[in-house]
Structures are given as C-alpha cells and as structure tokens.
Amino acid sequence: MRLETTNLSLGGCYIQLIMALSLGARVQVTLWLGGYPVVIQGCVVTRHPQFGNGIMFLDFEGEGEQLLNRYLHAIIT
C-alpha cells in the first residue's frame with residue numbers, strides 16, 4: 001500500500017488509511033527520504049477506525065536509522 005505518513009519521528013509515525021490495521025499487527029514500512037528507501041520493521045500501537053494507525057518502529061535495516069535521523073535533523077534546523 002502507498003500511504004501518507006504524519007508525525008514522523010525516530011520512534012515511529014502515524015499512517016492515514018480508512019481501513020485501520022489491527023492493534024499489534026507487525027508491518028514493514030518503507031520510507032522514501034531524499035530518494036533513498038529506509039526499510040523498517042514496526043508494530044501497530046494505536047488504531048483509529050476511518051483515520052489510521054500509529055506505528056512504533058522496532059528495527060531498521062542497514063543504515064536506515066542514521067538516514068532517518070539525518071533527515072529529521074535537516075528538516076528541523
């Protein structure tokens with residue numbers, strides 16, 4: 001699925017979708033940051049029907065955590 005994210009942080013994000021995922025569901029998230037894919041394993045921690053889900057990041061592949069950290073640092077400074 002291609003989704004819109006909000007409230008992105010090193011710990012997770014919120015995804016907007018009408019059919020919310022079940023609490024506890026494991027997901028693989030790929031964020032495209034500056035043309036680079038950041039692949040993350042996560043878990044659904046909040047569920048709001050017809051709005052979306054909160055996703056907690058559990059594990060980053062490769063240098064994903066460093067790429068996300070640099071991206072977040074660049075947009076807040």
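This is a predicted model: local features need pLDDT of at least 70, side-chain atom pairs count only at pLDDT 80 or more; totals for chains, interfaces and linings use all residues.
Residues are numbered from 1 along each chain as its sequence is written, and side-chain values use heavy atoms, with hydrogens and water left out.

Let me begin with the sheet, which is open and antiparallel, with five strands in the order β1-β2-β5-β4-β3; strands here are DSSP runs of E with at least two residues, helices are runs of H or I with at least four, both numbered from the N terminus, and two strands pair if DSSP finds at least two bridges between them. Because β1 (4-9) and β3 (26-33) each have a single partner strand, they stand at the edges, and one side of each is left without a neighbour in the sheet. On average, neighbouring strands are turned by 35° against each other, direction ignored, where axes are lines fitted to C-alpha atoms, for helices over the stretch in contact, and angles run from 0 to 180 degrees between N-to-C directions.

Helix α1 (residues 64-76) lies across β1, β3, β4 and β5 (52-60), and runs at about 90° to β1; contact means heavy atoms within 4.5 Å.

Back to the largest pocket, which holds about 440 Å³ of space. β3 gives the largest share of its lining, seven residues, and β1 and β3 each supply at least two. A pocket, on a 1 Å grid over the protein atoms alone, is an open set of points where a 1.4 Å probe fits, with protein on both sides within 12 Å along at least five of seven lines, and lining residues have an atom within 4 Å of a point.

Finally, Y14 is found in strand β2 (residues 12-16), and counts as buried because its relative accessibility is 17%, buried being under 20% relative accessible area, exposed over 50% and partly exposed in between, with a 1.4 Å probe and protein chains only. Leaving aside residues up to four places away in sequence, Y14 touches several residues, including E4, T5, H48 and F51.

Note on methods: Grid points are joined across faces, edges and corners, and a volume is the space filled by probe spheres set on the points.
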